[in-house]
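These notebook entries record what I looked up in one structure.

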Amino acid sequence: MVESDQEYAPDASDDDLDAHQVSTRGGGGRLSKAQIAHTFNEVRRTWEDVEEGEDGTITKTIDSLLQQGKRKRTLKDTTPLQRGIIRHLIIIIDLSAAMTEKDLRPTRYLLTIRYCQDFITEFFEQNPISQIGIIGMRDGLAVRVSDMSGNPSDLISNLQALRKEDPQGQPSLQNALDMARAALFHAPSHGTREILLLFGSLLSSDPGDIHTTIGSLVASHINTTVIGLSAQVAVCLTLVKRTNPHSNPQKHYNVALDEVNYRELIMRLATPPEAHTQQATSVDDSNSSTLLMMGFPSRVTDPNPSLCACHSRPTSGGYLCSRCSSKVCSLPTTCPACSLTLILSTHLARSYHHLFPLQNWDTVPWSHATSLAHRHKTLCFGCQAPFPAHPTTKQLAKARLPPKPVFEPSMAFLNRPDHDSMSQPKRDEDQTISESGRYACRTCEEFFCVDCDAFCHEIVHNCPGCLSREGQMMAKGDEGQRQNGAAAPEEMEGVVTNGEKG
């Protein structure tokens, strides 16, 4: 039997058979064998990347993949930029019938709700003095899921309530954008105004001209980011281009490929955006003011419950406003009585690392790890875990380790007085993992493992080696001050007592 890749058309004429031919590049006819072979060669054979170890297992390959994932997360752009740490974000979720598709497991709808909950938790970890609001789109209308709030518990509880409802109808992008613009209208000029659109449909049922709404968003200085779940939509691309004139549209509009890529696209928005200079249209819109009044309230616990000013509910604990002494339940928030921004000092400290991020650490080759100056560093400086031993020549040849990165500066070069870390070439984000399992800080020259690398860059945002060096320098400074003639308090008391006695 002759092989054929065409569809079967019973009792069809020659004209009908011509209609079933697959056209390529504007011409009719079937695909050639070379084109078919080229198409199949583009498919990545992931099973070929798995290599069996000496013990007969693939544990070494799995560990290598995990290390590559950790290293990829920590390698970020560490250029100090002006960022908006006080953010006002509106999340628009598609609640239409298109979200019932199961191309993303379990469904687009349930997966979006779960990822939004994770995003809210991560967002307030990195932006504790920001606020989020949630809007839904269903049946051609915009539904307010949650008002602007800085309390992640309230936002997550409102999202969980959506699980009891089923997506239905068609989305209305214009109505949702109008509602989001109204919610961000009263946001102060010192903060950012952002919209995150999670769009799973291929159409929008709008009552009017959506381009007029997009023009209103541009006039209000609102930045928009779109994550598509089906395919790229022209109106969404226009929305991103007009509301982000200073950025590449591919940075603000992406289509999720799978569940992992969908989560990465959402979590990427937890980092504050870059602040671009905008031309003020009036005196009120100008961002010339550099100071912002904030209050740092104190925690109180009442023996008898009293009403809070934010929810009018009886509570025994809370925070007293430093200006009007009104009691609020949680922080950060805005005082309902005097409109003063109330935060804690720890909130500012958690937002500080975005302005001055921790520099990426360098991979350490075996030639540098086994040198005379660093041969004694056999333990991780952070967790004190032992580093792997230097493999033999046969093991290196069998392991087929990746090549050494093109740019690998030595510690002597990093310690030069004329060396500027900002002037050195940037590393690619797909930098391979360290062959020796060591990662070196450019400042303190200490070695760390990949787990400490991920922990310090994602959670601590500080280098333990640099912090310990600062502590040692301060201790040496105090000791030197004493040796230079500054007497201790006990010695001063003795001198005064002897003087009185004399």
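This is a predicted model: local features need pLDDT of at least 70, side-chain atom pairs count only at pLDDT 80 or more; totals for chains, interfaces and linings use all residues.

The entries below follow the order in which I looked things up.

**Entry 1. Salt bridges.** I first asked how many salt bridges there are by the rule applied. The count comes to 8. Side chains of opposite charge can pair when their charged atoms come close. I then examined several of the pairs one by one.

**Entry 2. Asp103 and Arg108.** I found a salt bridge between the side chains of Asp103 and Arg108, at 2.7 Å from N to O.

**Entry 3. Arg144 and Asp147.** I looked up the salt bridge of Arg144 with Asp147, in which the closest N and O atoms are 3.7 Å apart. Arg144 is partly exposed at 44% relative accessible area. Asp147 is likewise classed as partly exposed, with 47% relative accessibility.

**Entry 4. Asp302 and Lys327.** I recorded a further salt bridge, in which the side chains of Asp302 and Lys327 meet at 3.5 Å, N to O. This pair links distant parts of the chain, since the two residues are 25 residues apart. Asp302 lies in strand β8 (residues 298-307), and Lys327 lies in strand β10 (residues 327-328). For Asp302 I noted a relative accessible area of 25%, so this residue is partly exposed. Lys327, at 7% relative accessibility, counts as buried.

**Entry 5. His252.** I next located His252 in helix α9 (residues 249-252). Why does His252 count as buried? Its relative accessibility is 13%, and the class requires a value under 20%. I then asked which side chain makes a polar contact of 3.5 Å with that of His252. The partner is Thr225. Setting aside neighbours within four places in sequence, I listed the contacts of His252 as Thr224, Thr225, Val226, Val240, Asn244 and Ser247.

**Entry 6. A nonpolar patch.** Finally, I examined the surface and found a nonpolar patch formed by Phe455, Ile459 and Val460. Together these residues have about 280 Å² of accessible area. I placed Val460 in helix α15 (residues 450-460). Val460 is partly exposed, because its relative accessible area is 35%.

Technical notes. Residues are numbered from 1 along each chain as its sequence is written. Side-chain values use heavy atoms; hydrogens and water are left out. Patches are made of residues with over 30% relative accessible area and no salt bridge: like charges are joined within 9 Å, nonpolar side chains (Val, Leu, Ile, Met, Phe, Trp, Tyr) within 5 Å. Accessible areas come from the Shrake-Rupley method with a 1.4 Å probe; for residues, only the protein chains shown count as cover. A salt bridge is a side-chain nitrogen of Lys or Arg within 4 Å of a carboxyl oxygen of Asp or Glu. Helices (H or I, at least four residues) and strands (E, at least two) are DSSP runs, numbered from the N terminus. Buried means under 20% relative accessible area, exposed over 50%, partly exposed in between (1.4 Å probe, protein chains only). A polar contact is a pair of N or O atoms within 3.5 Å; within protein, one must be able to donate a hydrogen and the other to accept it, and residues adjacent in sequence count only if both atoms are side-chain atoms. Contact means heavy atoms within 4.5 Å.
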